[in-house]
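Welcome, and thanks for taking a look at this one with me. Here are a few points to read alongside the structure.

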Amino acid sequence: MFAMGFLGSIIWYSVLFIFMVAVATAGVFLGKTLRAKKDAKAAATADSDKNAETN
(Lines give C-alpha, C1' and ligand atoms only; values in the text may rest on other atoms or scores of the structure.)
Protein backbone atom coordinates (compact mmCIF):
# COMPACT_ATOMS: atom_id res chain seq x y z
CA MET A 1 0.00 0.00 0.00
CA PHE A 2 2.78 2.42 0.90
CA ALA A 3 4.68 1.54 -2.28
CA MET A 4 1.71 2.42 -4.48
CA GLY A 5 1.34 5.82 -2.85
CA PHE A 6 5.05 6.44 -3.07
CA LEU A 7 5.24 5.46 -6.75
CA GLY A 8 2.15 7.54 -7.47
CA SER A 9 3.81 10.55 -5.87
CA ILE A 10 6.99 10.04 -7.88
CA ILE A 11 5.00 9.81 -11.12
CA TRP A 12 2.89 12.87 -10.25
CA TYR A 13 5.89 15.03 -9.38
CA SER A 14 7.74 13.84 -12.50
CA VAL A 15 4.81 14.89 -14.69
CA LEU A 16 4.58 18.21 -12.85
CA PHE A 17 8.32 18.79 -13.31
CA ILE A 18 8.14 18.04 -17.04
CA PHE A 19 5.19 20.43 -17.39
CA MET A 20 7.05 23.21 -15.56
CA VAL A 21 10.16 22.70 -17.71
CA ALA A 22 7.99 22.87 -20.85
CA VAL A 23 6.37 26.12 -19.69
CA ALA A 24 9.76 27.64 -18.84
CA THR A 25 11.21 26.60 -22.21
CA ALA A 26 8.22 28.05 -24.06
CA GLY A 27 8.66 31.30 -22.11
CA VAL A 28 12.32 31.53 -23.06
CA PHE A 29 11.62 30.98 -26.76
CA LEU A 30 8.67 33.39 -26.74
CA GLY A 31 10.76 36.04 -25.01
CA LYS A 32 13.61 35.55 -27.46
CA THR A 33 11.24 35.84 -30.42
CA LEU A 34 9.56 38.98 -29.09
CA ARG A 35 12.91 40.59 -28.32
CA ALA A 36 14.20 39.82 -31.84
CA LYS A 37 11.08 41.45 -33.34
CA LYS A 38 11.52 44.51 -31.13
CA ASP A 39 15.20 44.82 -32.06
CA ALA A 40 14.39 44.46 -35.77
CA LYS A 41 11.72 47.13 -35.51
CA ALA A 42 14.12 49.46 -33.69
CA ALA A 43 16.81 48.87 -36.30
CA ALA A 44 14.37 49.59 -39.12
CA THR A 45 13.27 52.79 -37.40
CA ALA A 46 16.88 53.85 -36.90
CA ASP A 47 17.68 53.14 -40.55
CA SER A 48 14.70 55.14 -41.77
CA ASP A 49 15.64 58.04 -39.45
CA LYS A 50 19.22 57.92 -40.72
CA ASN A 51 18.08 57.90 -44.36
CA ALA A 52 15.73 60.82 -43.72
CA GLU A 53 18.58 62.90 -42.27
CA THR A 54 20.85 62.31 -45.28
CA ASN A 55 18.22 63.37 -47.83
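1. A word on terms before we start: a surface patch is built from residues with over 30% relative accessible area and no salt bridge, and nonpolar side chains are joined into one when they lie within 5 Å. Please also keep in mind that this is a predicted model.

2. Helix α1 covers residues 2–54, and the protein has 55 residues, of which 0% count as buried.

3. Now for the surface. The protein exposes about 5,200 Å², with 74% of that supplied by carbon and sulfur atoms. A nonpolar patch on this surface is formed by W12, Y13, L16, F19, M20 and V23, which together have about 690 Å² of accessible area.

4. How many salt bridges does a search of the whole structure find? The search turns up one, in which the side chains of D39 and R35 meet at 3.2 Å, N to O. Side chains of opposite charge can pair when their charged atoms come close. D39 and R35 are about one helical turn apart, because four residues separate their positions in helix α1.

5. Both partners are partly exposed: D39 has a relative accessibility of 39%, and R35 has 48%.

Key
Residues are numbered from 1 along each chain as its sequence is written. This is a predicted model: local features need pLDDT of at least 70, side-chain atom pairs count only at pLDDT 80 or more; totals for chains, interfaces and linings use all residues. Side-chain values use heavy atoms; hydrogens and water are left out. Patches are made of residues with over 30% relative accessible area and no salt bridge: like charges are joined within 9 Å, nonpolar side chains (Val, Leu, Ile, Met, Phe, Trp, Tyr) within 5 Å. Accessible areas come from the Shrake-Rupley method with a 1.4 Å probe; for residues, only the protein chains shown count as cover. A salt bridge is a side-chain nitrogen of Lys or Arg within 4 Å of a carboxyl oxygen of Asp or Glu. Helices (H or I, at least four residues) and strands (E, at least two) are DSSP runs, numbered from the N terminus. Buried means under 20% relative accessible area, exposed over 50%, partly exposed in between (1.4 Å probe, protein chains only).
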